[in-house]
Amino acid sequence: MGLKKSHRVGARAVVINQGKILLNEFGDGLYYNLPGGGVEKGELIREAVVREVMEETGISVDVGEMLYVLEYEPVHCENLYGEIPQISIVFNCVVTGDITIKPASVPDRNPANPNITSKAVWMPIDNLKNIEYVPYIHESLMRFIATGCFTPNFLSEPLLRR
C-alpha cells in the first residue's frame, strides 16, 4: 500500500474591472497570480474566494460561475509552489463596492522563499502578455478575457518551462 497523499483545496478569483484584472504581484514584479488561497475547515469554496480576495486586496466581490479547475502536482514542477499537491477552483467574480486596493491583511508568501510576499495590483489587461504569470495558463485566461466565455476545464500545471 502506497503513502496516503493529501491535497490542499484552493479557491481563486478572476476579477476584471474597467479593462484591468486584479492580481497579486510578488517580489516587485517577479511574478503574478490570481488572488485566492486555501479553503479552511468548515468553509465553503465560494466563501473562501470572498474571504481570500478581501484578505489579499481589501476588495469585496460576488462569486459567479466556475471558470476552471487547476491541478498542481509538486513532482511535475520541481516543487515550485511548495510540496503539497493542490486542486484550485477558479471563479469569475465581480467587485461589489469600492475598487480601491487596500494593504493585505494576510499577504500571500512564496512557498520557496517566504520573504517574498504579495501585494495586490490592478493590471491593465494589455500588460498580461508582458508579465510572468503563474500558473502558466496565460492563453486560456486571455481567451476568457477576450470573449467572456470560458468553458469549464480541468487544467494541470505543465512541466516547467526552462
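Student: How many aromatic pairs does a search of the whole structure find?

Tutor: The model is a predicted one. A pair of aromatic rings is described by the distance of the centres and the angle of the planes. When the whole structure is searched, the number of aromatic pairs found is one.

Student: Which residues form the aromatic pair, and how are the rings arranged?

Tutor: The residues are Phe26 and Tyr31, and both are buried. Their ring centres lie 4.6 Å apart, with 10° between the planes. Planes under 30 degrees apart count as stacked, so the arrangement of Phe26 and Tyr31 is stacked.

Student: Is Ile116 buried or exposed?

Tutor: Ile116 is found in strand β8. Leaving aside neighbours within four places in sequence, Ile116 is in contact with Phe26, Gly27, Leu30, Asp108, Arg109 and Asn110. Buried means under 20% relative accessible area. Because Ile116 has a relative accessible area of 18%, Ile116 is buried.

Student: How far apart in space are Ile116 and Asp28, C-alpha to C-alpha?

Tutor: In sequence, Ile116 and Asp28 are 88 residues apart. In space, the distance from C-alpha to C-alpha is 9.1 Å.

Student: With which residue does the side chain of Asp28 meet in a salt bridge?

Tutor: Side chains of opposite charge can pair when their charged atoms come close. Here the N to O distance is 3.8 Å, and the pair links distant parts of the chain, from the loop between β2 and β3 to strand β8, 91 residues apart.

Student: Which helix residue forms a salt bridge with Glu40?

Tutor: Glu40 lies in the loop between β4 and α1 and its partner in helix α1, so the pair ties together parts 11 residues apart in sequence. The closest N and O atoms are 3.5 Å apart. The partner is Arg51.

Student: What span does helix α1 reach from its first C-alpha to its last?

Tutor: Helix α1 covers residues 45–57, which is 13 residues. At 1.5 Å a residue, a span of 18 Å is expected. The helix is close to that value, reaching 18 Å.

Student: Against which elements do the buried residues of α1 pack?

Tutor: The buried residues of α1 include Ala48, Val49, Arg51 and Val53. Just after the helix, Gly58 takes a positive phi of about 75°. The elements against which the buried residues of α1 pack are β1, β2, β4, β5, β6 and β8.

Student: Which residues have the most contacts inside the largest nonpolar core?

Tutor: This core has 18 residues, and the elements giving two or more residues to it are β2, β5, β8 and α2. A second, separate core of 16 residues includes Ala11, Ala13, Val49 and Val95. Leu34, from the largest core, is in contact with Val14, Ile21, Tyr68 and Val90, among others. The residues with the most contacts inside the largest core are Val14, Ile21, Leu23 and Leu34.

Methods:
Residues are numbered from 1 along each chain as its sequence is written. This is a predicted model: local features need pLDDT of at least 70, side-chain atom pairs count only at pLDDT 80 or more; totals for chains, interfaces and linings use all residues. Side-chain values use heavy atoms; hydrogens and water are left out. Helices (H or I, at least four residues) and strands (E, at least two) are DSSP runs, numbered from the N terminus. The expected span of a helix is 1.5 Å times one less than its number of residues. Buried means under 20% relative accessible area, exposed over 50%, partly exposed in between (1.4 Å probe, protein chains only). Contact means heavy atoms within 4.5 Å. A nonpolar core is a set of buried Ala, Val, Leu, Ile, Met, Phe, Trp, Tyr and Cys residues joined through side-chain atoms within 4.5 Å. Rings of Phe, Tyr and Trp (its six-membered ring) pair if their centres lie within 6.5 Å; planes under 30 degrees apart count as stacked, over 60 as edge-to-face and the rest as tilted. A salt bridge is a side-chain nitrogen of Lys or Arg within 4 Å of a carboxyl oxygen of Asp or Glu.
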